[in-house]
Amino acid sequence: MNNASRANSITRRNLLKASAAGAALAAFPAPLIAQTKPFAGVTLHGASFQHRFFTLLQKYIPEFEEKTGMKVDLQLSALPVYNQQANLELSSGGSAYDFVNVTFTLATRWIAAGLLANLDEFTGDANLTLAEWNPKDFVDGAQVPYRDAKGATYGYSWEGGAMLMGLSRMDLMEKKGLKIPKTFAELQQVCAEINGTDGVSGMVSWFLHNWNLPPYIQGFGGNIFRNPPGDPMPTLNTPEAIQGVEFYAKLLKSAPTGVLTYTEDQARQAMLTGRANIFIHSSAWVTPILLSDESKVKETSRVVRSPAGPVHDYPASNSQGLGIPKNAKNQKAAWEFIKWALSPDISMRLVKEHGHSSICRRSIITSDEYRKLNTVNGQDLGALYLEVLELPGKGENYMAYRTSKEFPIVGDVLNKAFEQVATGQLPAKDAMNAAQDQAIAALRRAGTKL
């Protein structure tokens, strides 16, 4: 065989081998990420407000970057700053962000305006999302804010807030023969009787009154709007709303001086040191009396459901979600990040390695590992958290007032009106009548049809 024939024979054998190898790969394709780094060269831009979840997540992001080949530029800022910047960017049609936090109070506005991508298009594609990721694993009550009227999904929740009641000085309560309050009337009694005992305040709260106050208004049968989100007419001066305002203002008479300007951290410290007996707030701020190394009151503390009103038992709950802007340049890469960040694996690692408990996946919350870490002194904090987080997804969504696009305007009015009542500047009826007029005027100036 001459050299030319030998070369042709070798070339044919190589081609046949290559064809056979190609056919084998076609028949048994390896996973895309195993074959290559599918997003090599992509820089993913995301933004949210500063939160412990993202501080912890940043520890794992290098793993994600190594796996996918992309770089993640995550910008974090204070909540008011983030909300303002993100709202401006999205509403102006910008494409600076590939993924964003879908802020609880802005979710309805962004979804209604068509500013976010429909994530069902990603979860419904088996090539983009494996069945094990399981969108239905997210607690339904935490997902309600991120759906449109047709049920399409525009965000997945990474943080859940379930309003619970923490009691730090059960020792003082037992000495006075007081039981854990289960109703508004019992709450009022316990706060008043403990206040001043051994220098302890009956309760503590913080300055965001439009989060703390509505459960009392709703507990007496009122609401912030007539029928949110469809009917945004404010209802701030109904007899029930006025009763709720009067009740909460009276509760705060058992709180430390200056409580109207307290931050969450100040309220938390008052509980951790036993200087205040009751704090009703999101679980992440209440449970440290049992879980934190800083707590001085672990042996005398309890965490329970917040008291029920005479008409409704509506403890506040909220969540924060991750979503993709409609005009994002790298939507598939953004979904890869969200899918990873909210995966069962990362969620469980956050729980086991850092004790992060405000997860929104039911499978994690009900797992043995989660329950073991979140059961203290016989109190199953996970069960309490899940119970409250689920409520808005069952029957009436009583938290719809807070995700209505009109809430930021009306909430500001409510804050100022309550401070006038709590400081004795105006009776509740006068303050809330004025607040009703102001809220209607402000909504009309903003273009809302009432």
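Author: Residues are numbered from 1 along each chain as its sequence is written, and side-chain values use heavy atoms, without hydrogens and water. In this predicted model, local features need pLDDT of at least 70 and side-chain atom pairs pLDDT 80 or more, while totals for chains, interfaces and linings use all residues.

Reader: Why is the contact between Lys 37 and Glu 66 called a salt bridge?
Author: A salt bridge needs a side-chain nitrogen of Lys or Arg within 4 Å of a carboxyl oxygen of Asp or Glu. Lys 37 and Glu 66 meet at 3.2 Å, N to O. The pair qualifies as a salt bridge.

Reader: What parts does the pair of Lys 37 and Glu 66 tie together?
Author: Lys 37 lies in the loop between helix H2 (32-35) and strand S1 (43-49), and Glu 66 in helix H4 (residues 61-68), so the pair ties together parts 29 residues apart in sequence. Helices (H or I, at least four residues) and strands (E, at least two) are DSSP runs, numbered from the N terminus.

Reader: What makes Arg 349 and Glu 63 a salt bridge?
Author: Their closest N and O atoms are 3.0 Å apart. Arg 349 lies in helix H18 (residues 344-354) and Glu 63 in helix H4, so the pair ties together parts 286 residues apart in sequence. Salt bridges that share partners join Glu 63, Arg 349 and Glu 353 into one network.

Reader: What makes the space in the second largest cavity a cavity?
Author: On a 1 Å grid over the protein atoms alone, a cavity is a set of points where a 1.4 Å probe fits but cannot get out; lining residues have an atom within 4 Å of a point. Grid points are joined across faces, edges and corners, and a volume is the space filled by probe spheres set on the points. The second largest cavity has about 70 Å³. Its lining includes Leu 164, Tyr 370 and Tyr 385. Helix H21 gives the most to that lining, with 3 residues.

Reader: How many residues in the lining of the second largest cavity are charged?
Author: Asp, Glu, Lys and Arg count as charged; Ala, Val, Leu, Ile, Met, Phe, Trp, Tyr, Cys and Pro as nonpolar; the others, Gly among them, as polar. The lining has 6 nonpolar, 5 polar and no charged residues.

Notes. On a 1 Å grid over the protein atoms alone, a cavity is a set of points where a 1.4 Å probe fits but cannot get out, and a pocket is an open set with protein on both sides within 12 Å along at least five of seven lines; lining residues have an atom within 4 Å of a point.
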